[in-house]
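Let's take a walk through this protein together, one neighbourhood at a time. Keep the structure open beside you as you read.

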Amino acid sequence: MLSSVSAGLIGSERGRAGQAAGLRTHILVVIGACIVMIVDQYLVIFVNPASDPARLGAQVINGIGFLGAGTILVTGKRVTGLTTAAGLWTTACVGLAYGCGYFEGGLLVTAVMLVAMSILRKVEGHTSTLVGMELMVEIEKSEDIPCLLDTVRICGGHVVNVSIDDRPRGVTKGHLQVRLSLRVGRTFESTSILDGLSQKIHVVMFKEL
């Protein structure tokens with residue numbers, strides 16, 4: 001029961017953050033890890049006292065990686081879901097702690113995880129840490145380029161490099177293909193640029209590389 005409460009708190013935070021691995025996933029992970037550790041101790045006490053009580057628990061720590069990998073997404077040069085993957089792995093370890101009776105350690109780690117995932121997430125979102133982003137935009141005429149660059153800056157993007165191709169393959173004759181290398185905040189969404197541009201110029205093609 002205690003393990004489910006801990007995992008529920010952690011999973012609820014991940015769910016509010018819009019992550020795929022939320023309440024149910026974390027509870028299932030912690031229950032599975034907890035029962036594995038209980039079974040391990042049961043085998044030592046009632047079946048073979050000479051066996052290693054940490055053997056099955058070690059396999060949980062190794063095996064949880066496949067589930068964490070499923071929460072990691074790569075979009076262009078940005079990687080998301082690492083915090084959720086690390087949280088699933090740590091939740092499994094919390095379940096092992098509860099399973100072997102180390103309740104103090106499980107509660108302490110749960111509290112630290114909640115602080116790291118909720119409070120520190122808000123702090124991290126306001127830091128100056130920037131990540132790279134590549135955009136490809138097709139516009140109709142060269143006069144639209146200043147508007148494109150101004151919109152990027154207004155939306156919070158820092159333009160690092162601009163590459164303009166006036167004869168790109170597969171693009172309507174007379175149109176321009178502009179490739180932008182940007183530095184943006186961790187939570188920046190390229191759709192904000194597209195929304196701003198759509199109100200000022202006609203964008204033929206817009207995609208994040």
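Which residues does Gln 177 touch, not counting residues up to four places away in sequence? They are Met 136, Val 137, Glu 138, Ser 163, Ile 164, Asp 165, Pro 168, Val 171 and Met 205, where a contact means heavy atoms within 4.5 Å. Gln 177 sits in strand 5 (residues 176–185) and counts as buried at 17% relative accessibility. Buried stands for under 20% relative accessible area, exposed for over 50%, and partly exposed for what lies in between, using a 1.4 Å probe and protein chains only.

A word on how to read all this. The model is predicted, so local features need pLDDT of at least 70 and side-chain atom pairs count only at pLDDT 80 or more, while totals for chains, interfaces and linings use all residues. Residues are numbered from 1 along each chain as its sequence is written, and side-chain values use heavy atoms, with hydrogens and water left out.

Now step back to the whole chain. It contains eight helices and six strands, taken from DSSP runs (helices are H or I, at least four residues; strands are E, at least two) and numbered from the N terminus. Read from the N terminus, the order is α-α-α-α-β-β-α-α-β-α-β-β-α-β. Of the 209 residues, 37% are buried. Among contacts with a separation of 6 or more, 66% join residues 24 or more positions apart.

Helix 1 (residues 2–16) packs against helix 5 (residues 82–99) at an angle of about 170°, with the axes 10 Å apart. The axes are lines fitted to C-alpha atoms over the stretch in contact, and angles run from 0 to 180 degrees between N-to-C directions. Helix 1 and helix 5 are therefore roughly antiparallel, a label for angles over 145 degrees. Leu 2, Ser 3, Ser 6, Ala 7, Ile 10 and Arg 14 on the helix 1 side meet Thr 83, Thr 84, Thr 91 and Tyr 98 of helix 5. Also in helix 5 is Ala 85, buried with a relative accessible area of 12%. Ala 85 touches Gly 68, Thr 71 and Ile 72, not counting residues up to four places away in sequence. Ala 85 and Ile 72 lie 13 residues apart in sequence, with 6.9 Å between their C-alpha atoms.

Finally, turn to the charged pairs. The whole structure holds three salt bridges, each a side-chain nitrogen of Lys or Arg within 4 Å of a carboxyl oxygen of Asp or Glu. In one of them, the side chains of Glu 134 and Arg 179 meet at 3.3 Å, N to O. This pair links distant parts of the chain, with Glu 134 in strand 3 (residues 130–139) and Arg 179 in strand 5, 45 residues apart. Glu 134 is buried at 11% relative accessibility, whereas Arg 179 is partly exposed at 37%. Asp 144 and Lys 141 form another bridge, at 3.7 Å, N to O. Here Asp 144 is buried, with a relative accessible area of 6%, and Lys 141 is partly exposed, with 39%. Arg 153 also pairs with Asp 150, their closest N and O atoms being 3.5 Å apart. Because Arg 153 and Asp 150 are three residues apart in helix 7, about one helical turn separates them.

Conventions. Angles under 35 degrees count as roughly parallel, over 145 as roughly antiparallel, 65 to 115 as roughly perpendicular and the rest as oblique.
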